Amino acid sequence: MALTATEDLPRFLRAARGQALDATPVWFMRQAGRYLPEYRAIRARHSLLEICARPAIAAEVTLQPVTRLGVDAAILFADILLPLVPMGLELEFQAGEGPVIHNPVRTGADIDALRTVDVTEALGSVMETIRLVREQLPSDIPLIGFAGAPFTMASYAIEGGSSRTFVETKRLMYTDPDAWHRLLGGMAEVVFDYLRAQVDAGAQAIQLFDSWAGALAEQEYREFVLPHTRLIFERLKPLDVPTIHFGVGTHHMLEAMREAGGDVTGLDWRTPLEEGWRRLGPDASIQGNLDPTLLFAPLPVLRRSVIDLLARAEGRPGHIFNLGHGVLPGTPVENVRAVVDFVHELTA
């Protein structure tokens, strides 16, 4: 769906294109999640993978925070690791452990054994979820699709789950760089096909999550990751939807991430907004970046934090208000809603 014409675009899409706004748009990463009682009721009956595989339920979960919070965008309910399953990896979400991959990729032979993926067939439930959500969303609330970036996807596949040290990832990167680039090249192909299918199904913007890129030094990122991520963004451009590039702990390499691509750069809470604009350029669009733990603060403290962050944005048209990472479990719902109200009130 082409979005070249800018008249009457929702404020989130206008902000992503750096255009003037009536108020700053706000949405939250993980805005559909365990802090919402209506989501917890669904999770009591279904696993995460079951929800993702059942479009009617996934669509319901996607829409829950739109109704409850008054946000300016919905984000598809799915998981960044879904494409790994049709590639042949045995993915399980274990209570208290998070994602676990029982057959991690550690060698060139493991990489060569990964299956080619037809995303429209293997991940058709995700596309059906998008179609159902678009049918029910108000016209002024766009839907964001997303995927994991090649490095983050690869690191999960190699480590077999979450990691603090990324020893196995870097071991493969340095001991067999040819195999490494085959793996990331293959990941980039799958991710692009997956995102293109989401846009074809009705997603109106795309966010690429490189959640673990901050584990790399800038030179490592430029040599081993940037070319593959840049290829995805370059191939997305003809689809004419805004793209967001987000990483955690990437303060030391913001410039390199912008070089990799994305119409909007997402900042975590460690980088002040004004520094982000100074380093990325005055024409950059930036998303972020309230510390998620501030949502546990008393409302007067929370309001002052929102005022401070908006003051750092200085009314720039390319600002999308978000957290510096996702909403945490146990976050008071009323505080999340209050942030939406504060942002709209203070920037109207």
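**Group meeting: selected elements of a predicted model**

Gln31 is buried, at a relative accessible area of 1%; buried here means under 20% relative accessible area, exposed means over 50%, and partly exposed lies in between, with a 1.4 Å probe and protein chains only. This is a predicted model, in which local features need pLDDT of at least 70, side-chain atom pairs count only at pLDDT 80 or more, and totals for chains, interfaces and linings use all residues. Residues are numbered from 1 along each chain as its sequence is written, and side-chain values use heavy atoms, with hydrogens and water left out.

A word on confidence. pLDDT is the predictor's confidence in each residue, from 0 to 100. The protein has a mean pLDDT of 95, with 98% of its residues at 70 or more. Over residues 1–5, pLDDT stays under 50, and the model has 15 contacts beyond four places in sequence for this stretch.

I return to Gln31. Its place is in the loop between helix H1 (11–16) and helix H2 (37–43); helices (H or I, at least four residues) and strands (E, at least two) are DSSP runs, numbered from the N terminus. Setting aside neighbours within four places in sequence, Gln31 is in contact (heavy atoms within 4.5 Å) with Leu36, Pro65, Leu69, Val71, Ala73, Ala74, Ile75 and Val327.

Ala74 leads us to the strands. Its bridge partner in S4 is Leu143. Strand S1 (residues 74–75) and S4 run parallel and are joined by 2 bridges; two strands pair if DSSP finds at least two bridges between them. S4 is also joined to strand S5 (residues 205–210), by 5 bridges and again in parallel. Within S5, Phe209 is the bridge partner of Gly148.

Why is strand S4 described as largely enclosed by the rest of the structure? Of the 6 residues in S4 (residues 143–148), 6 are buried, so the strand is largely enclosed. Leu143, Gly145 and Ala147 cover one side, while Ile144, Phe146 and Gly148 lie on the other, all of them buried.

Next, helix H9 (residues 167–175). Its buried residues are Thr169, Leu172 and Met173. Viewed down the axis of H9, these fall within an arc of 100°, so they line one face of the helix; the arc is that of the directions from the helix axis to the C-beta atoms. They pack against helices H5 (108–112), H8 (150–159), H10 (177–201) and H11 (218–224).

Finally, helix H10 contains Val190, which counts as buried at 8% relative accessibility. Beyond four places in sequence, Val190 is in contact with Pro83, Met87, Val117 and Val119.
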